[in-house]
Structure formats: C-alpha cells, structure tokens
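Colleague: I am new to this structure and would like to go through it in questions and answers. Please show it first.

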Amino acid sequence: MQMKLEDLQKGRNRPGDSGACHDQIPAWLDSEQFVKGQQFFHKHIVCHFLVMYCSLACGLSVVNLLVPLVYTSKSDTPRKALKRYLSTFRHLLEWHSGDIWDCQSKAHKSVMTVRNMHNTVAEAMNQDTGNLYVSQYDMALVQYGFMGAVILYPKKFGITCQVQELEDYIHFWRGIGYLLGIEDKFNICSGTYSQTVQICKDIEKYVLLPSLQTPPKDFQNMSKTFVRSLNLLVGYNLFSTHSTYAYFFYSLGLSIPALTLPDLLRYLLLRLLVFLIWVSPMFEKWLNQRFKIVFRFICKHHKVYV
C-alpha cells in the first residue's frame, strides 16, 4: 500500500524511538540485499557526500529538523558545526561499512550511540517545552534527508546505476531506520521502489520546498554556519550557501536563483565535478579513493571517532 504524507504525519504524536529490540533481526531483512546497498554507497561515496551536503544545507529550513539542532547548541559556530557534522558522516560511513546487525560490532554500537543521542535530546526538549520533539515523523524526515535525493535524482548527483541498485539502497535504509527506532509504518523505505519514490516526492513537494520558500528565523544562520564549517577545511571560501541552494534547485529541475559571479563560478564548479564523475567511472573511482583517505585524515586530525 502506498504510504501517504498525511499518514506519515500521524507520527508527529509518537516518540521517535519505537522501542524495538536492537538485538533482534527483523524477519523482513534480506541480508544480501542490505550488503549490496552498502556496496552501492561505497561505489559512489563522493556523490553521496554531495547529496548529504546539499540536503543538509537546504533541509535545515524544515523547522522539525532545525529546532533540535538549535536547542543543542552544538553547531552554532563553524568550528562546532565542523566537529558535529564530521561526526555525523563518520557514523554514516561506519553504518555503510560494518555489520550493524552484530551487537558486538563497531557499526552496531555506532547506530546505538546515535539512537541514544536522539533519545537524550528528545527527553530534554520534551521536559523543557512540554511538546513532543524527535517524533516518528521527524525521524522519517531525517531519513529522507540522507537518501531521498539519491533515489529521486541519482543522475543529477553523478550516480550511474540501475533501479535494482536503488532498491538495494532503499532496503539498506529500511534497516537503518529500524535500528534507529523508526516504526515500519513510518519508515519511508518500507515499501517498493515506486512507493518510496512517491513518498519522497511528496515530502519534497509539500514539506521541503514550502519550508525553503518561508524558512524559520534560524535557518539562514545555521545553514551559513554549516557551509562555513566546510570552508575551514580548505582554508578559503570554496563553498557558499547560495551556490549550494542553486545546485540543489538544479537537481530538482527548478529554476536557480540569481547568483553573484563568485557564486555562479562555485555552482558551475559543482556542475563540472558531477559531469566528470558521470562521464568517467575511472575518475569517480580515483576520487572515491582519495576522499576516503582525506576523510580519515581529517577525522584523526580533529579527533572525531565513533
């Protein structure tokens, strides 16, 4: 049955952690397909990083996702944001590499660390405000942020693949969602490929784009801080919010906003990078290898561990 956005939004009144046992493998899990989903990520790791970068910069406009980040005050300066988001991607890399179903594995412990962090933040916010934060609906939006654009617009992010590979990746995220505490009826990856595509399109059309048109007050500051945190790594302003928004709009098939010359050049640089990845599998393979080496070095330098 096709998941509808209104059904997904019923999860606003349910805590984000279903309480599902972390040491029990769900009956629906296809271990081989799950591993293939992990392999798909590593085959296109730079493209996935670009998706997550653009999705986060724009996804901060969704108030459900923004408010907890503002509350924790762990990403309100470029240096704090750099540490936080390096940690986030380090966890993601672990999930895509290890056996998350082995309770003794580093990957499983990583998922549980993030699940516990969500619960800690939710409990504190709920007590302080009397409202429910980090709900099942919120968790579904987070899930969309990490995989939605990959499923909807793989070519626009340089990913050459078959539908079966996208189905494998959807199954992977169904498993991640389960271990993070998302109930199956609120897990946007619990359906078929076409059903997942449709619910992702609905989230994009009725949640993300309206949020970008009328963003909450802290959006610009938090988004700029996130982008500036990446510029700390390269030592100059390679990234900007406006060029990032422009590329995201382009990937969605929308008109890009007017850009200054520096931002236009940044936007065209992203287009060129994705084009080179798209036309040259050898270049993508080389870039993936370099990315992993550099990322490990950066995490070690900034003392970011799982």
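**Cysteines, loops and helix contacts**

Modeller: The sulfur of C21 is too far for a bond with the closest cysteine sulfur, that of C103, because 10 Å lies between them. This is a predicted model, in which local features need pLDDT of at least 70 and side-chain atom pairs count only at pLDDT 80 or more, while totals for chains, interfaces and linings use all residues. Residues are numbered from 1 along each chain as its sequence is written, and side-chain values use heavy atoms, with hydrogens and water left out.

Colleague: How many disulfides does the structure hold?

Modeller: A disulfide is a pair of cysteine sulfur atoms within 2.5 Å. For C103, the nearest cysteine sulfur is that of C21, 10 Å away, and C103 is in no disulfide. The number of disulfides in the structure is 0.

Colleague: Is C21 buried, partly exposed or exposed?

Modeller: Buried means under 20% relative accessible area, exposed means over 50%, and partly exposed is in between (1.4 Å probe, protein chains only). The relative accessible area of C21 is 39%, and that of C103 is 24%, which counts as partly exposed. C21 is likewise partly exposed.

Colleague: Where does S73 lie?

Modeller: S73 is not a glycine, although its phi is positive, about 55 degrees. Its relative accessibility of 34% makes S73 partly exposed. Helices (H or I, at least four residues) and strands (E, at least two) are DSSP runs, numbered from the N terminus. S73 is in the loop between α4 (63-72) and α5 (78-95).

Colleague: Is V134 buried or exposed?

Modeller: V134 is in the loop between α6 (106-129) and α7 (136-152). V134 has a positive phi of about 55 degrees and is not a glycine. With a relative accessible area of 12%, V134 is buried.

Colleague: Which residue's side chain is joined to that of Q143 by a polar contact?

Modeller: Q143 is in helix α7 and, at 3% relative accessibility, is buried. Leaving aside residues up to four places away in sequence, Q143 touches several residues, including W173, R174 and I182; contact means heavy atoms within 4.5 Å. A polar contact is a pair of N or O atoms within 3.5 Å; within protein, one must be able to donate a hydrogen and the other to accept it, and residues adjacent in sequence count only if both atoms are side-chain atoms. At 2.9 Å, the side-chain partner of Q143 is N187.

Colleague: How are α3 and α10 oriented to each other, roughly parallel or roughly antiparallel?

Modeller: Axes are lines fitted to C-alpha atoms, for helices over the stretch in contact, and angles run from 0 to 180 degrees between N-to-C directions. The axes of α3 (residues 45-59) and α10 (residues 219-234) come within 8 Å and cross at roughly 155 degrees. Angles under 35 degrees count as roughly parallel, over 145 as roughly antiparallel, 65 to 115 as roughly perpendicular and the rest as oblique. Therefore α3 and α10 are roughly antiparallel.

Colleague: At what angle do α5 and α10 pack?

Modeller: The axes of α5 and α10 are 8 Å apart. The two helices are roughly perpendicular to each other. Residues in the contact include L82 and Y85 of α5 and F226 and L232 of α10. The packing angle is about 85 degrees.

Colleague: How far apart in space are R290 and S190?

Modeller: R290 is in helix α13 (residues 281-301) and, at 33% relative accessibility, is partly exposed. In sequence, R290 and S190 are 100 residues apart. From C-alpha to C-alpha, their separation is 34 Å.
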